[in-house]
Amino acid sequence: SSTAPSGGFAASAQSFASAGRQAVAMADTIVVPEVGPASILAEIEVLRERYEQQEHSDVPSPKIQYDFACVLICSPRSADVREGAHLLEQLLEVDVGSATEECLHHLALTYLKLGQYVRAKECTEMWLCLEPRSGMARMLNSLVLERASHDGLLGLLGLGLLGVGAALAVIKRWK
């Protein structure tokens with residue numbers, strides 16, 4: 001009978017399992033910083049200072065503007081989100097080259113967050129024109145259409161209930 005060499009499959013599997021147990025044990029000690037509204041607002045203030053310092057320079061940095069816009073759109077405050085959308089739109093106007101797709105991606109997500117589905121759809125369609133085979137652009141376009149139809153149905157349901165309530169109030173008043 002033949003035996004497996006010491007470096008064979010069984011030894012590799014045992015070594016892999018041991019490494020997996022070590023990774024799980026190490027995962028308990030990894031500290032992940034909490035990202036909450038307070039930390040986002042603090043980061044906004046830091047990036048706002050950096051953005052405002054370079055904004056009026058001879059050569060303003062699109063990278064700093066992009067980074068600032070990306071943090072703004074994560075804010076829990078809608079005014080910050082709208083400001084982030086405005087900064088991303090400015091970047092699209094000055095033609096940021098290969099970063100155009102990234103700007104359109106973030107802009108579509110921003111408009112989706114704000115409930116501006118028509119503008120989100122415009123962004124995803126522009127992105128699809130630039131990259132017709134982009135799976136992310138297709139998925140985001142589908143999500144925008146689905147959210148718009150879902151919110152439209154909820155609005156229609158709300159109007160229907162309001163109409164029924166008004167009709168019941170009129171009937172009750174006539175009795």
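Visitor: Which residue does the side chain of Glu89 meet in a salt bridge?
Guide: Glu89 meets Arg119, at 2.7 Å from N to O. A salt bridge here is a side-chain nitrogen of Lys or Arg within 4 Å of a carboxyl oxygen of Asp or Glu.

Visitor: And where do Glu89 and Arg119 lie?
Guide: Glu89 is in helix α4 and Arg119 is in helix α6, so the pair ties together parts that are 30 residues apart in sequence. Helices (H or I, at least four residues) and strands (E, at least two) are DSSP runs, numbered from the N terminus.

Visitor: Before I go on, what kind of model is this?
Guide: This is a predicted model: local features need pLDDT of at least 70, side-chain atom pairs count only at pLDDT 80 or more, and totals for chains, interfaces and linings use all residues. Residues are numbered from 1 along each chain as its sequence is written, and side-chain values use heavy atoms, with hydrogens and water left out.

Visitor: Back to that pair. Is Glu89 buried or partly exposed?
Guide: Glu89 is partly exposed, because its relative accessible area is 21%. Buried means under 20% relative accessible area, exposed means over 50%, and partly exposed is in between (1.4 Å probe, protein chains only). Arg119 has 38% relative accessibility, so Arg119 counts as partly exposed.

Visitor: How many salt bridges does the structure hold?
Guide: Six. One of them joins Lys121 and Glu125, with the closest N and O atoms 2.2 Å apart.

Visitor: Where do Lys121 and Glu125 lie?
Guide: Both are in helix α6. They are four residues apart, about one turn of the helix. Lys121 is partly exposed at 29% relative accessibility. Glu125 is partly exposed too, at 35%.

Visitor: Which residues do salt bridges with shared partners join into one network?
Guide: Arg48, Arg77, Asp80 and Glu83. Within that group, Asp80 forms a salt bridge with Arg77, and the closest N and O atoms are 2.8 Å apart.

Visitor: Why does Asp80 count as buried?
Guide: Because its relative accessibility is 6%.

Visitor: New topic. How many helices and strands are there in the chain?
Guide: Seven helices and zero strands. Along the sequence, the pattern reads α-α-α-α-α-α-α.

Visitor: What share of the chain counts as buried?
Guide: Of its 175 residues, 26%.

Visitor: Which residues touch the most other members of the largest nonpolar core?
Guide: Phe68 and Leu88, out of 30 residues in that core. A nonpolar core is a set of buried Ala, Val, Leu, Ile, Met, Phe, Trp, Tyr and Cys residues joined through side-chain atoms within 4.5 Å.

Visitor: Which helices supply at least two residues each?
Guide: α2, α3 (62–72), α4 (78–93), α5 (100–114), α6 (117–130) and α7 (135–174). α3 gives the most to this core, with seven residues.

Visitor: Okay, Leu72 next. Which helix is Leu72 in?
Guide: Helix α3. Leu72 is buried, with a relative accessible area of 0%. The C-alpha atoms of Leu72 and Thr110 are separated by 9.8 Å, and the two residues are 38 apart along the chain.

Visitor: Where is Cys123 found?
Guide: In helix α6. Cys123 is buried, at 3% relative accessibility. Cys123 and Cys103 are 20 residues apart in sequence and 9.1 Å apart in space, C-alpha to C-alpha.

Visitor: Now the surface. Which residues gather in a patch of negative charge?
Guide: Glu45, Glu49, Glu52 and Glu55. Patches are made of residues with over 30% relative accessible area and no salt bridge: like charges are joined within 9 Å, nonpolar side chains (Val, Leu, Ile, Met, Phe, Trp, Tyr) within 5 Å. Lys and Arg count as positive and Asp and Glu as negative, while His and the chain ends are not counted. The place of a charge is NZ of Lys, CZ of Arg, CG of Asp or CD of Glu.

Visitor: Where does Glu45 sit?
Guide: In helix α2, residues 37–55. Glu45 counts as partly exposed, at 38% relative accessibility.

Visitor: Which residues make the nonpolar surface patch?
Guide: Met136, Met139 and Leu143, with about 250 Å². Accessible areas come from the Shrake-Rupley method with a 1.4 Å probe; for residues, only the protein chains shown count as cover. Met139 is found in helix α7.
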